[in-house]
Amino acid sequence: MANWTKADLSTKVLEYIGQKPAGQAVAAEDDALCQACIDSVFAQLDKLGLVLFLSSAIPEWGQWPLVKWVGYEIAPAFGITGQRYAELARSEEHTS
């Protein structure tokens, strides 16, 4: 599997949280919000000294954990609460 860019990660996150239906384009405002959240997650990792790759070249081993982490972080911005948010929280816990 090839490395992902930040745009690839954004698309996968929006699909994961149900904000992007399969086969449809990502809405520009959703993509911008998601990419800002990705930047925030990378800043958190950098603060902890855990940035091991650039957001422009996300290796396969880091892709799914980042989809889950960013998905959990951004879900409230899209009105995801309740049971679905709890599911995302449990999924994100198993990332580490």
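**Entry 1: S10.** I looked for S10 and found it in helix α1. Helices here are DSSP runs of H or I with at least four residues, strands are runs of E with at least two, and both are numbered from the N terminus. Is S10 buried or exposed? S10 has a relative accessible area of 0%, so I wrote it down as buried. (Buried means under 20% relative accessible area, exposed means over 50%, and partly exposed is in between, with a 1.4 Å probe and protein chains only.)

Next I listed what S10 touches: D31, C34, Q35 and I38, leaving out residues up to four places away in sequence. Contact means heavy atoms within 4.5 Å. With D31 there is also a polar contact, side chain to side chain, at 2.6 Å. (A polar contact is a pair of N or O atoms within 3.5 Å; within protein, one must be able to donate a hydrogen and the other to accept it, and residues adjacent in sequence count only if both atoms are side-chain atoms.)

**A note on the model.** This is a predicted model, where local features need pLDDT of at least 70 and side-chain atom pairs count only at pLDDT 80 or more, while totals for chains, interfaces and linings use all residues. Residues are numbered from 1 along each chain as its sequence is written, and side-chain values use heavy atoms, with hydrogens and water left out.

**Entry 2: K6.** K6 is also a residue of helix α1. Which side chain does K6 join in a polar contact of 2.8 Å? I found that it is the side chain of D39. Beyond four places in sequence, K6 is in contact with Q35, I38, D39, S55 and S56.

**Entry 3: K20.** I moved on to the loop between α1 and α2, where K20 lies. The relative accessible area of K20 is 12%, so K20 counts as buried. Its contacts, apart from neighbours within four places in sequence, are T11, L14, E15, A25 and V26. The side chains of K20 and E15 make a polar contact of 3.3 Å. I also checked K20 against R90: they are 70 residues apart in sequence, and their C-alpha atoms are 21 Å apart.

**Entry 4: α1 with α3.** At what angle do helix α1 (residues 6-16) and helix α3 (residues 60-74) cross? I noted roughly 60 degrees, with the axes coming within 9 Å. (Axes are lines fitted to C-alpha atoms, for helices over the stretch in contact, and angles run from 0 to 180 degrees between N-to-C directions.) The two helices are therefore oblique to each other. (Under 35 degrees is roughly parallel, over 145 roughly antiparallel, 65 to 115 roughly perpendicular, and the rest oblique.) From α1, the residues L9, K12, V13 and Y16 meet a set in α3 that includes Q63, W64 and L66. I sorted the residues of this contact into 8 nonpolar, 2 polar and 2 charged.

**Entry 5: Q63.** Q63 sits in helix α3 and is buried, at 2% relative accessibility. Its C-alpha atom is 20 Å from that of K47, 16 residues away along the chain.

**Entry 6: α2 with α3.** Helix α2 (residues 28-47) packs on α3 at about 115 degrees, with the axes 10 Å apart. I therefore put down α2 and α3 as roughly perpendicular to each other.

Terms used. Nonpolar A, V, L, I, M, F, W, Y, C, P; charged D, E, K, R; others polar.
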